[in-house]
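User: I've got a structure to go through with you. Can we take it piece by piece?
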Amino acid sequence: MLVIGLTGPSGAGKGAVGAILSEHRIPVIDADAVYHGLLIPPSPCLDALKERFGNGILLPSGELNRRALGEIVFSDPEALQDLNRIAHGFVMKEIRMQLKALREQNIPAAVIDAPQLFEAEADKDCNVILSVLADKRTRLERIMARDGIDAEAALRRIEAQKSDEFFRAHSNYVLENNGSIDLLRPQIDRILLETGVLAP
């Protein structure tokens, strides 16, 4: 089974690319969705985060207050490193179980959609790395609209992530996503043809 790692910085538009790949009936494992699923109480993952960051990251319901956690980790590199270490262990265990199940079904290709692909060392599970990039202004606007945060908070997220140069240097393919989703389709089709996922 060909495993495609789909990654890129926040606001670049990985979701749009993942949706197009899904249209080709390629299973897409969304690492963020896996992470959110693992945080539903009772949750060993949430317990580990609470132990590191304290009860202040919880809502009165006992669920994770993502904004509170974000305020801690995006202003403290050491805290962000700790969050990633804890979360990645739980997330990758689940992703590898899902990949195993897909292999047993003889699925020809699957995608790991993970903004933290390299940090989680999920790239080692992939045959091909596809990074989605966008200019800083476009990303800023997308993050603000998506997460309901101001420009300063969105900028902190951008600055806490790897550079475009890193993604270009560590990817087999790079998609520039500054415009319409329709501009992505032919580029994605070309990649799927080159990797043998689609027949010529």
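User: Where is A122 found?
Analyst: This is a predicted model, to start with. A122 lies in the loop between β3 (109–113) and β4 (128–133).

User: Is A122 buried or exposed?
Analyst: Buried. Its relative accessibility is 1%, and the cut-off for buried is under 20%.

User: What is A122 in contact with, leaving aside neighbours within four places in sequence?
Analyst: M92 and L117. A122 and V91 are 31 residues apart in sequence, and their C-alpha atoms are 9.9 Å apart in space.

User: New topic. At what angle do α3 and α5 pack?
Analyst: About 160°, with the axes 10 Å apart. Helix α3 covers residues 44–53 and helix α5 covers residues 77–104. Angles over 145 degrees count as roughly antiparallel, so α3 and α5 are roughly antiparallel to each other. Their crossing is right-handed.

User: Which residues meet there?
Analyst: From α3, P44, C45, A48, L49, R52 and F53. From α5, A79, D82, L83, I86 and F90. By class, that contact has nine nonpolar, two charged and no polar residues.

User: Now S10. Where is its place?
Analyst: In the loop between β1 (2–7) and α1 (14–23). S10 is buried, at 10% relative accessible area.

User: Which side chain does S10 join in a polar contact?
Analyst: That of R146, at 2.9 Å.

User: And what does S10 touch, not counting residues up to four places away in sequence?
Analyst: R139, I143, R146 and Q161.

Methods:
Residues are numbered from 1 along each chain as its sequence is written. This is a predicted model: local features need pLDDT of at least 70, side-chain atom pairs count only at pLDDT 80 or more; totals for chains, interfaces and linings use all residues. Side-chain values use heavy atoms; hydrogens and water are left out. Axes are lines fitted to C-alpha atoms, for helices over the stretch in contact, and angles run from 0 to 180 degrees between N-to-C directions. Helices (H or I, at least four residues) and strands (E, at least two) are DSSP runs, numbered from the N terminus. Angles under 35 degrees count as roughly parallel, over 145 as roughly antiparallel, 65 to 115 as roughly perpendicular and the rest as oblique. A crossing is left-handed if the near helix is turned anticlockwise from the far one by less than a right angle, and right-handed if clockwise. Contact means heavy atoms within 4.5 Å. Ala, Val, Leu, Ile, Met, Phe, Trp, Tyr, Cys and Pro count as nonpolar, Asp, Glu, Lys and Arg as charged, and the others, Gly among them, as polar. Buried means under 20% relative accessible area, exposed over 50%, partly exposed in between (1.4 Å probe, protein chains only). A polar contact is a pair of N or O atoms within 3.5 Å; within protein, one must be able to donate a hydrogen and the other to accept it, and residues adjacent in sequence count only if both atoms are side-chain atoms.
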